[in-house]
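Student: Hi! I have a new structure open and would like to get my bearings. Could you walk me through it?

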Amino acid sequence: MECLNCKTIFEGNFCPECSQKSQTKRFTFGKIINDAFKTITNTDKGLFSNFKNLTLHPGKYINGYIEGKRINVFNPFSYAFIAIGLYLFMDHYYDYSLFESFKSSGYNKERTSNSNYNFWYQVGYFTYKYIKYFFLLNIFYLSILSALILKKRNFVEHIVINSFIVGHAIIISTLLIPIYSAPIMFNPLTYLIICALMYQVYKKYDYKLVVVITILLSILSSTILQFIAPLIGLYLKSLV
């Protein structure tokens, strides 16, 4: 039998070179729905597999992926993007009293001539309205410091690790919205989960105190950076 993908001659159900199935079915609506459902619910290699293993064995699961055990793991970047999509969907139906004033009020007409007031109003409104769309940038921000200090992994590997971590923290925070509703960028649970997951991944390093300090500094720097970037953008816009 010739492999449909790489043209290798083989016998059996799977190609030994590329793992292509020997027999494939035509696409139908039923097959597409079935494949999508399996991708999400499969406890061995689907989205639910990531959720289960990142909850129960995060350090082992993530380190195993980095070291090459990748066959049954749902792609970490896809996991993170699905996580933020799920959060944005849930967020659409929840109002947070901390920021209700930005939804219900516009500029104060008596103070519109005050450019300083207008600038900080825009900063607050942008933070409430749009910064959640950029939350995945924390993957990059977290990786900067962790890669500089914890050098057993290269920068790209830290990006992969933090894609798992941030994605999983978002999903858990989203599931807890009915119990504890707060915007993800201001939700302390999200950052606590990130800290716990990072520690599970890096705890085998020789100096645990260095690991703890690195995690705390990474969280602090990423939190600052996610607010500084839009602040700089709005400031430059106000100068134009």
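Predicted model: local features only at pLDDT ≥ 70, side-chain atom pairs only at ≥ 80, totals over all residues.

Student: Let me zoom in on α7, then. Is L148 buried or exposed?

Tutor: L148, which sits in helix α7, is exposed, with a relative accessible area of 55%.

Student: And I144, how accessible is that one?

Tutor: I144 is also placed in α7. Its relative accessible area is 32%, so I144 counts as partly exposed.

Student: How far apart are I144 and S221, in sequence and in space?

Tutor: Along the sequence they are 77 residues apart, while their C-alpha atoms are 9.3 Å apart in space.

Student: Which residues in α7 are buried?

Tutor: The buried ones are N138, I139, Y141, L142, S143, S146 and A147.

Student: Changing topic: how many salt bridges does the count come to?

Tutor: The count comes to two salt bridges. As background, side chains of opposite charge can pair when their charged atoms come close.

Student: What does R153 pair with?

Tutor: R153 forms a salt bridge with E67, and their closest N and O atoms are 3.3 Å apart. R153 lies in the loop between α7 and α8, and E67 in the loop between α3 (58–66) and α4 (76–91), so the pair ties together parts that are 86 residues apart in sequence.

Student: Are those two residues buried or exposed?

Tutor: R153 counts as buried because its relative accessibility is 17%, which is under the 20% cut-off. E67 is exposed, at a relative accessible area of 59%.

Student: And which residue does K132 pair with?

Tutor: K132 forms a salt bridge with D91, with the closest N and O atoms 2.5 Å apart. This pair links distant parts of the chain: K132 is in the loop between α6 (115–129) and α7, D91 is in helix α4, and they are 41 residues apart.

Student: Buried or exposed, for K132 and D91?

Tutor: K132 counts as buried at 13% relative accessibility. D91 counts as buried too, with a value of 7%.

Student: Let me click on K203. Where does it lie?

Tutor: K203 lies in the loop between α9 (188–202) and α10 (208–239). With a relative accessible area of 30%, K203 is partly exposed.

Student: I also noticed V73. Where is that one found?

Tutor: V73 is found in the loop between α3 and α4. At 15% relative accessibility, V73 counts as buried. V73 and Y61 are twelve residues apart along the chain, and their C-alpha atoms are separated by 8.7 Å.

Student: Last one: which helix is N162 in?

Tutor: N162 is in helix α8. N162 counts as buried, with a relative accessibility of 0%.

Student: What separates the C-alpha atoms of N162 and L136?

Tutor: Their C-alpha atoms are separated by 9.7 Å, and the two residues are 26 residues apart along the chain.

Student: Great, thanks for the tour!

Note on methods: Residues numbered from 1 in each chain as written. Heavy atoms only, no water. Helix = DSSP H or I, 4+ residues; strand = E, 2+ residues; numbered from the N terminus. Buried < 20%, exposed > 50% of the residue type's maximum accessible area, 1.4 Å probe, protein only. Salt bridge = Lys/Arg side-chain N within 4 Å of Asp/Glu carboxyl O.
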